[in-house]
Amino acid sequence: MSSNLIVGAAACIIGVIYTVQAFYLPKAPIGDPLSPIYFPAALGIIMLICGLGLLLTEIKKGVYRNKEKGKTHRKNKKTITLITLTVAFGLIYAFIFERFGFVISTTLFLGAILFLINGKRKWTINIIVSLVFSGSIWYVFGKLLGISLP
Amino acid sequence: MEDVLANLAYGFSVALTPTNLILVAVGGLFGTIMGMLPGIGPATGIAVLLPMTFSMNPASALITMCGIYYGAMYGGSRSSILINTPGDGAAIAATFDGYPMAQKGEAGPALAISAIASFIGGIIAVVVMTLLAVPVARFALKFGPAEYFSLMVFALSATAAISKGNLIKGLISMLLGLMISTVGIDLQSGVPRFTFGVLELQTGIDFLVVIIGMYALGEVFKFYESIDVSSKLRTTKFGRIWVTREQWRRCVLPILRSAPVGFLIGVLPGAGGTMASMVAYNNEKQLAKEPERFGKGAIEGLAAPEAANNAASVGALIPMLTLGVPGSGTTAIMMGALMMLGLKPGPLLFQNNADVAWGVISSMYVGNIILAIINIPLAGLLVKILAVPPKILYPIILGLAFVGTYTLNYSIVDFYLLLLFGLVGYFMKKLKIPTAPLILAAIVGGSMEQSFRQALTLSDGSLKIFVSSTISIVLLILAALSIAYPFVIDLMKKKKNVSASE
């Protein structure tokens, strides 16, 4: 499937969901009760039109076959794994950020990312970088800029 | 003219305070470093360094951000020349002749001329801006809600149409941005929209989170694809970083020609440094007596795009400062940061916040001088940063993105949004959907809807108000033309092909 087909289909779906949601929005208590709805409804409908437009032009062009070879596939798989893990670490980071405080949670988060990206063999550098980073950010923000971190 | 000089003198009194001098230098230095990193351009640079500015007054904050902005323009070409990897889109043209020069052993002159050209381009553009800013702002005072709405329609449609790739994808990106801007409590009726019962979403999605997510996280995710491809810096030792008289003679005219071109392209919404440098490069190639030298290390082929992209970065500030409508991702972030500090860019900025407006303009004179110093004598020192493995730099950028996001609202909910928009940014790049329209729409969307409804209130609900003034009509026609333009080009190409095959 070509990327344009995916985008077109996604735009149609977003357009429909958004438009339906827009009509369920609460009405305004004063003035024209529909005034908060016009703009979003227009956005949703135009989105649907754009999505359909993209789909039709793609279908008219003819769906061409995907010629991706095994190599790019493997590369893609690795990228997706890395992104998934980064997002997972990010979620854990969000969860522990206020519980463990800035310095500990940031050291753990950055350390985890560094082990993921930079590799286990360079563990000394990874640990030093994450400690120096969270320590110096904490110092610069907390002491110099007066921005409080947990 | 005397007015201008008086304003400028006032501006310098702001720009030359020790604090602001240090800030423009620090901003410029950080910007240069950010610009040097592959994939990290001025937008990401400012997004990541944003928290630096939160404790500053608006004038200092804007001075720092501008320093980062044109610092990144200077820095972008360093990695283009030395490792054939452009720091950002605007530096792509610098790889065409910059890298061949470095291969020929002329890295020194290449680094020097790109900094000199950037400097001259920047200064010419600032002079033009000094003269233009007030007239443009005065003109913009005539704008009512209807005109503003039409202006924003034009800015958005031009951005969607110009961004590379296909027009419909640009429009989809723009619509997504506008949809993001509708989340939160509707200011006119007090009705919550698309908050799904989440308390933190009532104040809307902070567009700075959208920007940091899409630019910083999105770029890091994109980097994961090429994680095993290492572009090694061959040498950090070059001969003298300066140019010979002969090389200089070749470059003078290209620089002087490219700066105004770059400035004009920068002012246009949607077009920016990338387009400016490409146009300048192609211009010079066409004007050249020996065009075959281009691409093989012609020094003027490096000087022209560098002058143009710096001029463009100054030009891009004009619509943001004088109209309050940014024309690029980078200026959108700057505007977002200013609004966070309680300042509303627009025609009244030059009256109500003259210290900010003129302080920034004056600081650009100073900043360009400082950056020339950073980038010529200290170039050898700076490029050592390129030797730091990206596998360490990118995690640090990730860390900065999270810290920056937290300091926006002190809310963990923003972390989830950050991750979400990081993924959105990555997949948009993957699917070749331009991101600039989304960013722009997310930031102007709110005021666009407000002016639309204000205009309708003024006219008792009649849409005629949008075609009742010349300014508004002209802007809407421009918007329509910018949308029609890609189709016209397509048609012309088809006709050409048909007539060629006959």
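Biologist: Where is the place of B:K142?
Modeller: B:K142 sits in the loop between α6 (107–140) and α7 (145–162) of chain B. Helices here are DSSP runs of H or I with at least four residues, strands are runs of E with at least two, and both are numbered from the N terminus. This is a predicted model, where local features need pLDDT of at least 70, side-chain atom pairs count only at pLDDT 80 or more, and totals for chains, interfaces and linings use all residues. Residues are numbered from 1 along each chain as its sequence is written, while chains are lettered from A and ligands numbered from 1 in the order in which they are written.

Biologist: Is B:K142 buried or exposed?
Modeller: B:K142 is exposed, because 10 other C-beta atoms lie within 10 Å.

Biologist: Zooming out, how many helices and strands does chain B have?
Modeller: Chain B has 21 helices and 2 strands. Its radius of gyration is 22 Å, close to the 23 Å that the globule rule gives for 502 residues, so chain B is as compact as a globular protein of that length. That radius is taken over C-alpha atoms, and the rule is 2.2 Å times the number of residues to the power 0.38. Buried residues account for 60% of the 502 residues in chain B.

Biologist: Switching to packing, at what angle do α3 and α4 of chain B pack?
Modeller: Helix α3 (residues 42–49) and helix α4 (residues 58–83) of chain B pack at about 145 degrees, with axes 9 Å apart. The axes are lines fitted to C-alpha atoms over the stretch in contact, and angles run from 0 to 180 degrees between N-to-C directions.

Biologist: Which residues in α3(B) meet α4(B)?
Modeller: B:P42, B:G45, B:I46 and B:L49 do, against B:M65, B:I68, B:Y69, B:A72 and B:M73 in α4(B). The residues of that contact divide into 8 nonpolar, 1 polar and no charged.

Biologist: What's the phi of B:F194?
Modeller: Phi of B:F194 is near 50 degrees, a positive value in a residue other than glycine. B:F194 lies in the loop between β2 (192–193) and α9 of chain B. B:D460 also has a positive phi, of about 60 degrees, and is found in the loop between α20 and α21 (470–501) of chain B.

Biologist: Last one: where in chain A does pLDDT stay under 50?
Modeller: Over residues 65–69 of chain A, for which the model has 2 contacts beyond four places in sequence. pLDDT is the predictor's confidence in each residue, from 0 to 100. Where pLDDT is low, the predicted coordinates should not be read in detail. Chain A averages a pLDDT of 86, with 92% of the residues scoring at least 70.

How values were computed:
A residue is buried if 20 or more other C-beta atoms lie within 10 Å of its own, exposed if 12 or fewer, and partly exposed in between; C-beta atoms are placed from the backbone. Two residues are in contact if their C-beta atoms, placed from the backbone, lie within 7 Å. Ala, Val, Leu, Ile, Met, Phe, Trp, Tyr, Cys and Pro count as nonpolar, Asp, Glu, Lys and Arg as charged, and the others, Gly among them, as polar.
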